[in-house]
Amino acid sequence: MKYEIRTYPTRCVGCLNCQLICSFLFEKAFNIFKARIMIDRIDGNSKIGFTDKCTSCGFCADYCLYSALEKVEEVKE
Amino acid sequence: MKAFGYAGSILFVNLTTSKIKKEPLDLEIARNFIGGFGINTKLGYDLIKPGIDPLSADNKIIIGAGPFVGTNIPGSARVCSLTKLPVNGAIGWSGGAGMNFGIMLKNAGYDHIVIEGCADKPVYLKIFDDDVEICDAGTLWGEGSGETVDELYTEYGRPLGVASIGQAAENLVKFSIAFVEKVGTLGRGGLGAVFGSKNLKAIIARGTKGIQVSDRKRYRELVDQLYERMRGYSGLKDAHKYGFLNFMPAMPREVYLELKKARLACVSCPIADKEILQIKKGKFKGRTVYSSAAVNTLMSMMYGITNDYGESIKLSEELDSYGLDQMEALELLKFADQLYKHGMLTEKELGSPGIKFEPDSVTEWLKKIAYREGFGDALADGFGEVLKKYGKGIEEFAPVEVKGMVAYQGITSPIKTDLFTTFEFGMAVHPKGPCAAPGGSSPLYFTRGRAIDWVAGHLDRMGVPKDAQERIFTLKDGMALNVGRMTKYSQQSLFIVDMLGTCGRGQINRFYSNKVQAELYSAVTGIEISGEELMKAAERAVNLIKAANVREGFDRKDDRFPDGWFGKEKHKDYYEKVEITKEIAYGLLDDYYDERGWDLKTGIPTKEKLIELGLNFVITDAEKIGVTYS
């Protein structure tokens, strides 16, 4: 299943839960450097980006407790 | 056997010889002491020789991150430190300070680091996976704790784990602390000064190795349940909006919302209680300040130094930048002023006619302490030393002090509380001395006055055995709840958190029962453990650190309550029916020792307890230095 992942950087607090779950599911180890979503956080401002490997599975949004990521719409393959 | 959850190694760095070595983590030790605070304790007991000068090259800085650190178990980013504390000579640990540092250390391959020796010039330690290097600190020396972080970010980019010190620590102020990425405090009692004594400005870490868990399916089921419960938590939304103020309403919400610039989370944190504030008006308009929590920036207002939020936040930033423990610094200034006012300190000695509790004057005094200038030099040694010199005839204005540090929560303490709970009781019995949660993760202020069933429910969650609950709830001196007995389990419950690497905040650990902790540990590491065994491991670690302090000469005489607590105004018991007299308090101290299986007369573990916990080596070691366990 693929989703559109909407991002709300101002809500992001830098907990990196999205990167953790992504690496755990796809790489079988928690490793923020191997995640397909990347949070760049400087002085309280976050930039949220996705690598080319992102499958839009939406798990990052499922684990975001701050609503900085939302899977809002199913995209038909 | 593969060490799932654990990074698998301990890094040893000698700053005198520049020797760096990596040793495998002994999984037998991991099983007995779990990790974080627990393994730190074993390392500290083995490596810190009794009687050394805390500020000598012989002392060690031990930092550890537990087996949950690096996973997505909510609130699992915590690191713990351990060293011999300059402020009182206790072997003291500190838990806190998560941010990125813990997970970067673990991902670099290390569960613990042990730093000893003294560099011949200021340095910082770089830990990037297997690339471990002692680097010239250059111009970083002399910078504040936060500026140091910024400069290291500029040099190395982010994400980066950084633990750093400010000028107070460089100048060996005995109550200086270290900071993690500006907002995490680490090492009340002088860890900062130990960094300074070793010419160590900072430790930076970045790791790319990843952390694996043993049983991914079991792990995910457990963690998903936690996330589900947290999402359903009615206070989550307000916690995100108001931070720690949601639980401790120390400033009006509208003021906070005006000051709030951004919330910051340690990795995997569900509540993001750290923050960046921006001063919106007054002298410091526009200034942005990092803080461990907005409530902690109000200390200057609490002391009547200012009634302006901007001024208070600015003073808090200065304290943090120097690396000064806020409570110790301000209480020492208050005490010095009283000494002057009572004619026990001359204007010449003090360098001024008293101490004005106004922003400019306090700013000047903080600098004097941080740089050990004038009378600031004497204050920089902390209450232990100050009281040796000026401790006679001070009954009228004696500091609320235990083991050389401010017992900051209590009826006459800077943070005034009225009940005699595990928080207040813990100020006396914590082996290191007063700290943030010396009595552990007690629910007593949360459940205040509610029926015993509420408390019992929490004790069940914490894994307190039923027979112990019976003793806790046996009527004593008219009190329905025995705080002395309860503190044993409350402390151990928090030490489990310190060992695993999860957050100590009540707002997070309320989601973790002892059973869930054990289930998670088993799923993460592949080492099956029960909640009971986890509690036993915490007890083992407590007894070992107590033994390390017994070697340093600590015993029952040091576990005392501030005399001021037994004046006209007294604490009350949980149901506010009994006034806590000195006799009642020390009766509860007997109960605490009894519950712990410690000797009532000496306040130290008995042989029987040490043997029960598999700490037989403590008895043998003690005999060699003339310490006897009965």
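**Notes on chains A and B**

1. A salt bridge is a side-chain nitrogen of Lys or Arg within 4 Å of a carboxyl oxygen of Asp or Glu.

2. A word on the ground rules: this is a predicted model, in which local features need pLDDT of at least 70 and side-chain atom pairs count only at pLDDT 80 or more, while totals for chains, interfaces and linings use all residues. Residues are numbered from 1 along each chain as its sequence is written, chains are lettered from A and ligands numbered from 1 in the order in which they are written, and side-chain values use heavy atoms, with hydrogens and water left out.

3. Over all chains, the salt bridges number 60. Asp273(B) is worth a look: this residue is buried, with a relative accessible area of 5%, and forms a salt bridge with Lys274(B), the closest N and O atoms being 3.4 Å apart. Lys274(B) is buried as well. Asp273(B) also meets Arg505(B) in a salt bridge, at 2.4 Å from N to O. Asp273(B) sits in the loop between strand E13 (260–264) and strand E14 (274–278) of chain B, and Arg505(B) in the loop between helix H20 (483–500) and helix H21 (506–509) of chain B, so this pair ties together parts 232 residues apart in sequence. Helices (H or I, at least four residues) and strands (E, at least two) are DSSP runs, numbered from the N terminus. Arg505(B) is partly exposed, with a relative accessible area of 24%.

4. There is also a network of salt bridges, which links Asp467(B), Arg471(B), Lys476(B), Arg485(B), Asp591(B), Asp594(B) and Glu595(B).

5. Now for the inside. The largest nonpolar core has 174 residues, of which Ile127(B) and Ile203(B) touch the most other members. Such a core is a set of buried Ala, Val, Leu, Ile, Met, Phe, Trp, Tyr and Cys residues joined through side-chain atoms within 4.5 Å. Helix H23 (residues 531–551) of chain B provides the largest share of this core, eleven residues. Apart from it lies another core, of 40 residues, including Phe175(B) and Leu333(B).

6. Where do the two chains meet? On chain B, 40 residues are in contact (heavy atoms within 4.5 Å) with 25 residues of chain A. The two chains bury about 2,600 Å² between them, 57% of it on carbon and sulfur atoms; buried area is the accessible area (1.4 Å probe) that two parts lose on being put together, summed over both. Arg158(B), Arg216(B) and Arg220(B) supply 22% of the area that chain B buries against chain A, more than any other three residues. Even so, the count of salt bridges between chain B and chain A is zero.

7. Finally, Lys217(B) has its place in helix H7 of chain B and is exposed, with a relative accessible area of 61%. The C-alpha atoms of Lys217(B) and Ala523(B) are separated by 8.6 Å, though these residues are 306 residues apart along the chain.

Conventions. Buried < 20%, exposed > 50% of the residue type's maximum accessible area, 1.4 Å probe, protein only.
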